[in-house]
Amino acid sequence: MIHFTSEQFLELIPKRDMRAIARLITLQENKRKELRPLMAQLYRMAGKARIIGVTGSPGAGKSTMVDQLVVALRKLGKSVAVLAIDPSSPFSGGAVLGDRIRMATATEDPDVFVRSLATRGALGGLSRATIDATTVLDAAGFDYIIIETVGVGQQEIDIVRTAHTCLVVLVPGMGDGVQALKAGILEIADAFVINKADRDGADQLQKELRVMQSLGVVSESDWQVPILRTIATEGTGFDELIEQLVLHQKWLDSSNAGVVRRQRAMEGTLLRMLQDFVIERAVDGHVSEFQALANRCMKREVDPYSAVGELFSSAGLVTHK
Ligand SMILES: Nc1nc2c(ncn2[C@@H]2O[C@H](COP(=O)(O)OP(=O)(O)OP(=O)(O)O)[C@@H](O)[C@H]2O)c(=O)[nH]1
Ligand SMILES: [Mg+2]
């Protein structure tokens, strides 16, 4: 395995050295504490990338759509990085491997980077890993970063919420239609994309979405959430999708709502990092003390409110009380 020093990472990442990028994203998953100073430096170089979240039900055609988006953005001369989030849920099944194979077609291109991130069952770990990977890719100067997640869990919703533009992918004829969607997913949509529009029921789905919009379930702002149609397998509908993406970005840059939205996303990021930092200081490396304390709580020798204070003070975060 190749070893890079922090200095080498700092030199190679902005030059978009693919091996350094891939290595740092992997390292981040296990050594975030040690890498924090490096990440802080990379973060200062970042901030130019447009981040697009693509979410929707399992099998909705998200990966096929992301492939098409990559093609369309490359035609515009933009560099693109893709992060495919593998939820360790039964939904992903064998599709994960399929994703890798399909997207591998683009890996010869030096302006395209594709990577999947796995949850490994770490609570909240996935959103943090996504933030870190996004920082690395942003510092590497990719124009666009596309994050694909299955919209089944709160974590995934939190992830796409940090994107600048969220595409919610739906398919016709999915039984309960819009009702089947996870609560919360409609609110985060900046555009609805009815994929598999070659199937029956696209009109019906579009109608249902319009009703939802008129009921105010969809995000409230002066951005009119478009309802688009695509056939990802044929590349149909992508000109309009790209057009809407660009319009949404312009709207974000020019309106106050865009500022509000970025502020909210940043608050979410800070909270997750704070949570991570505290847990790292109070629990990591002190797991047996943590477990002993939980055991004492269980026996009601100590209450959890006081126990948290104890954890804090023993981590040197605050003096007790
Ligand atoms: N008929 C039709 N099939 C499509 C379309 N888009 C994607 N598919 C097919 O739908 C299946 C699932 O596509 P994926 O792109 O893997 O879907 P996904 O949403 O990424 O799936 P997960 O990541 O497993 O949730 C594949 O067999 C695709 O070929 C479309 O527009 N029309
Ligand atoms: Mg997929």
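Helices, here runs of at least four residues assigned by DSSP, are numbered from the N terminus. This model is predicted. Arg16 is not a glycine, yet its phi is positive, at about 55°. Most residues other than glycine have a negative phi.

Lys196 is another case. Its phi is also positive, about 60°, and Lys196 is not a glycine either. Look for Lys196 in the loop between strand 6 (191-194) and helix 8 (202-214). Is Lys196 buried or partly exposed? Its relative accessibility is 23%. Buried means under 20%, and exposed means over 50%. Lys196 therefore counts as partly exposed.

Now turn to the inside. The largest nonpolar core holds 53 residues. Ile13, Ile21, Leu24, Leu137 and Phe192 have the most contacts within this core. Take Leu137. Set aside its neighbours within four places in sequence, and Leu137 still contacts Ile21, Ile25, Ala81, Leu83, Phe113, Phe142 and Ile145. There is also a second, separate core of 25 residues. Val80, Val171, Ala232 and Leu245 are among its members.

Which protein residues are donors of the magnesium ion (ligand 2)? They are Ser63, through OG, and Glu148, through OE. These donors lie 2.1 to 2.2 Å from the ion. Ser63 belongs to helix 4 (residues 62-75), while Glu148 belongs to strand 4 (residues 144-150).

Definitions and conventions: Residues numbered from 1 in each chain as written. Chains lettered and ligands numbered in written order. Predicted model: local features only at pLDDT ≥ 70, side-chain atom pairs only at ≥ 80, totals over all residues. Heavy atoms only, no water. Core = buried A, V, L, I, M, F, W, Y, C linked by side-chain atoms within 4.5 Å. Buried < 20%, exposed > 50% of the residue type's maximum accessible area, 1.4 Å probe, protein only. Contact = heavy atoms within 4.5 Å. Donors = N, O, S within 2.8 Å, 3.2 Å for Na, K, Ca; no water. Helix = DSSP H or I, 4+ residues; strand = E, 2+ residues; numbered from the N terminus.
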